[in-house]
Amino acid sequence: MAIYIIMAILVIAVHLIAIKKRLRYVKSISKVFLIPYLYLTFLVVTESFGVIVPNRGLLMTALIFYTLGDLLLEFERDITFKLGGVSFSIGHVLYAIFFMMHGFSLGMGVLFIGIWMLIYIFLFEPQLKYAKPNTTLYIAYAAFVMILGIAVGSADFGGNWIAKMIAVAGTVAYGFSDALVIIRQTRDKDEEEMVNDDILIMVTYIGANILLLSSVTLLSIMSA
């Protein structure tokens, strides 16, 4: 198990260093391996505890769409950027369905609709005035991020509040990362600022996926 964790850490380190050093090809190649290595580590950890995660095929499909989104965004063209957004949106919906299959609380759903409206106001709304002519697309994407956040917040998690709070933290990290992507696309910045933005975007993105997979791992182990 340790070797898989070390491999995932190495891939993450290589990617972040490549961003900092502006190693274009190393950054692009390592980015495509981030989610697969995290998922592989997740499988090894859960199976080492003798746990087979229910509906993990759905989870894997969501992460495949995230990986496809990572790949598309590396081409840095308008059409691939939009297609990447679509791919991430599909991943968010599949992840939301996965969490909703662990039970649903209407009261918590209403609560988290309010919470995510506030997150939208503070994270996304201030950026949209800079997003023309793509404002509608950014609003649509923000809605998919909110769907994931609301689904996680309303999911029951079998009463496992620790796993739920970890997952909620993961969705908030996703929201922050995606808000930074909008900022990066809509503001004029020098090269050094863009590199720093890229690092922060990837740290929060990787952190979001680690938190979400950790919550599923904890939930699966404690439910076994």
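**View A. F33 and Y37 lie 4 residues apart in helix α2, so about one helical turn separates them.** Helices (DSSP H or I runs of at least four residues) and strands (E runs of at least two) are numbered from the N terminus. The model is predicted: local features require pLDDT of at least 70 and side-chain atom pairs pLDDT 80 or more, whereas totals for chains, interfaces and linings use all residues. Residue numbers start from 1 along each chain as its sequence is written, and side-chain values rest on heavy atoms, with hydrogens and water left out. In total, the structure holds 11 aromatic pairs, counted for Phe, Tyr and Trp rings (for Trp, the six-membered ring) whose centres lie within 6.5 Å. Planes under 30 degrees apart are termed stacked, those over 60 edge-to-face and the rest tilted. For F33 and Y37, the ring centres are 6.3 Å apart and the planes meet at 55°, so this pair is tilted. Relative accessible area classifies a residue as buried under 20%, exposed over 50% and partly exposed in between, with a 1.4 Å probe and protein chains only. F33 is partly exposed at 42%, and Y37 is also partly exposed, at 23%.

**View B. Y39 and F42 form a tilted aromatic pair.** The ring centres of Y39 and F42 are 5.7 Å apart, with 35° between the planes. Both residues belong to helix α2, where a spacing of 3 residues places them about one turn apart. Y39 is buried, its relative accessible area being 9%; F42 is buried as well, at 3%.

**View C. Ring pairs join a cluster of aromatic residues.** The members are Y66, F88, Y95, F98, F99, F157, Y174 and Y205. One of these, F157, lies in the loop between α6 and α7. F157 counts as buried, at 1% relative accessibility, and has a positive phi of about 60° although it is not a glycine. Most residues other than glycine have a negative phi.

**View D. L59, Y66, Y95 and F99 touch the most other members of the largest nonpolar core.** This core comprises 56 residues. Such a core is a set of buried Ala, Val, Leu, Ile, Met, Phe, Trp, Tyr and Cys residues joined through side-chain atoms within 4.5 Å. At least two core residues come from each of α1 (2–21), α2 (24–48), α3 (56–73), α4 (78–100), α5 (106–128), α6 (135–154), α7 (161–186) and α8 (191–223). With residues up to four places away in sequence set aside, Y95 is in contact (heavy atoms within 4.5 Å) with L59, A62, L63, Y66, L148, L212 and L213.

**View E. K164 lies over the face of W161.** The distance from the ring centre is 5.1 Å. The criterion requires NZ of Lys or CZ of Arg within 6 Å of the ring centre and within 35 degrees of the ring normal.

**View F. R22 occupies the loop between α1 and α2.** R22 has a phi near 60°, a positive value in a residue other than glycine. Its relative accessible area of 42% makes R22 partly exposed.

**View G. M1 is found in the segment before α1.** Beyond its neighbours within four places in sequence, M1 contacts V44, V45 and S48. The relative accessible area of M1 is 46%, that is, partly exposed. M1 and I150 are 149 residues apart along the chain, and their C-alpha atoms are separated by 33 Å.

**View H. G57, in helix α3, is shown with R184.** These residues are 127 positions apart in sequence and 33 Å apart in space, C-alpha to C-alpha. G57 is partly exposed, with 39% relative accessible area.

Context for the views. Along the principal axes, the C-alpha atoms fill a box of roughly 50 × 40 × 25 Å. Buried residues account for 47% of the 224 residues. Of the contacts with a separation of 6 or more, 76% involve residues 24 or more positions apart.
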